[in-house]
Amino acid sequence: MLQYEFMQNALWGVVLISVIAGFIGTVIVVRRKVFVAGGITHASFGGIGIAYYLGINPLIGAFLFAVTTALSIDILEKKSKIRPDSAIAMLWSLGMAIGLIFMFLSPGYSANLMGFMFGDILSIAVSDIIGMATIAAVTVMLALLFYRPLLYVSFSPGFAKLSGLKVGLIQSVVSVLTALGIVVAIKAVGIVLVLSLFTIPQAISAMFTHNMKVMFFVSTIIALLAGVMGLMAAYFIDLPASAVITATLAIVMVVLKLVRR
Amino acid sequence: MGNRKPLIQLKDVSAGYDHKVVLTEANLAVYQDSFIALVGPNGGGKTTIIRLMLRQIAPISGSVEIDKDINIGYLPQINDSDLEFPISVLDVVLSGTKCLIKHTAEEVEYAHELLRFVQLDEFSDRQIGQLSGGQRQRAFLCRALMCKPQLLVLDEPSTYMDKDTSTNMYELLGELHKSMAIVLVSHDIDSMSHKAHTIIRVDRTTHLVSNHYATVVPYTPIVKRNATN
């Protein structure tokens, strides 16, 4: 199946997304920011819709919306009197609403709505791979080089601040990379199912290790295995890869939970 | 001895949050050999005094003078931490020093030394949530000690501890007091009154309750009004 260029691209995409999800997802999960990640993911659809309406690359719109949302949530959590979870829910649904409105305003709007919602792993282009590779490289480099500050800020931001770490800066870098990582993964697994790759492998690896660095790598491998399963299902039996990936991960997690009781 | 420089001095301090003043005319001096217990009702301003000392908030009025050369070790309230977080006991202790890339061998050795001091070294690889409440509190105490503080600040160290464990904790504090000043917040006055030299009740301002320390080292009374004994 690898004689086709679209399959090679898809496989590269799966590998890179697994790395991104393995690393960034671990940080999301250990910091208990899954709901925030959900907000960022769905809000990015607003950018996709506007970009589509303007006729520019939807990824650019998604990037802008995702990063803005991520940083806004950071500020809301620290400063605002609005309950953060309510604010996130608002940004979450507002983004979806904006996206939908602009998609419908676009002439001939029958855009690949399914593709944005549930991903289209076989349509990953070389330009997507370059974006993914860049984000994966930056993420892995920063996470491993600055592992100690990342660990300490994630565990206890208040104490990390007292010990002299630049907590705000580190959290902002994490937020921006989270937004970028989620957006490049949307192409393959879609807005609705992307969180599965950023949370289930991490939940599985947390059953076996209490070391965040080990979690990075174990999560990456689990995401990769599920990704390859999804890719094969898409190629051989024409099922949506994202759904197969999510179902595979969920089954593995439930089975392991039952076995390990 | 009256001209000794305090490590921290609060003079006529008012402080609070969002225009709500919780502390007024608070006065407190911490010397290098102080052992001070802050007691008083919830919302009375005990934690606010700690936050002033840690420079987490600035006073609305009055002055907070902190010796620039001192390190302050801090033990927060126990429910401040996520106990399911994937972090080992050793790494929790190491997080007490600022680290950008890698800890030095000396830092790692010192962390082990502290864990041996509180009899936790055999658990250094355990996930933090796998310790008992008292053990965990001792691990967080080690984190506070990593910066080799001249002053140790503890916020409700005996919360969720049974009597034996908290007795053990106070014995440790007695040992530590040989080399550093201690300020601790507690809601219960009994278990520490025999350890702390100075007991101050914080109820929107500071009231001196008792001061054995003053009989050993004469220094200016730290209260302005309503001092009781």
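Author: What follows goes through the contact between the chains and then some ring contacts, all in a predicted model.

Reader: How many residues of chain A are in contact with chain B, and what area is buried between them?
Author: On the chain A side 21 residues are in contact with 29 residues of chain B, and the area buried between the two chains is about 2200 Å², with carbon and sulfur atoms giving 64% of that. Within chain A, the residues that lose the most area to chain B are Phe155(A), Phe159(A) and His210(A), which together make up 35% of what that side buries.

Reader: And how many salt bridges are there between chain A and chain B?
Author: The count is 3 salt bridges, and one of them joins Arg148(A) to Asp91(B), whose closest N and O atoms are 2.9 Å apart. As for the elements on the chain A side, α7 (147-155), α8 (157-162) and α10 each give two or more residues, and α7(A) provides the largest share, with 6 residues.

Reader: What sits over the ring of Phe159(A)?
Author: That is the charged end of Arg143(B), 3.6 Å from the centre of the Phe159(A) ring. Elsewhere, Lys213(A) lies over the face of Tyr147(A), at 4.6 Å from the ring centre.

Reader: Switching topic, how many aromatic pairs does the structure hold?
Author: Over all chains there are 10 aromatic pairs, including a tilted one between Tyr4(A) and Tyr235(A), with 6.4 Å centre to centre and 45° between the planes.

How values were computed. Residues are numbered from 1 along each chain as its sequence is written. Chains are lettered from A and ligands numbered from 1 in the order in which they are written. This is a predicted model: local features need pLDDT of at least 70, side-chain atom pairs count only at pLDDT 80 or more; totals for chains, interfaces and linings use all residues. Side-chain values use heavy atoms; hydrogens and water are left out. Rings of Phe, Tyr and Trp (its six-membered ring) pair if their centres lie within 6.5 Å; planes under 30 degrees apart count as stacked, over 60 as edge-to-face and the rest as tilted. A charge sits over a ring if NZ of Lys or CZ of Arg is within 6 Å of the ring centre and within 35 degrees of the ring normal. Contact means heavy atoms within 4.5 Å. Buried area is the accessible area (1.4 Å probe) that two parts lose on being put together, summed over both. A salt bridge is a side-chain nitrogen of Lys or Arg within 4 Å of a carboxyl oxygen of Asp or Glu. Helices (H or I, at least four residues) and strands (E, at least two) are DSSP runs, numbered from the N terminus.
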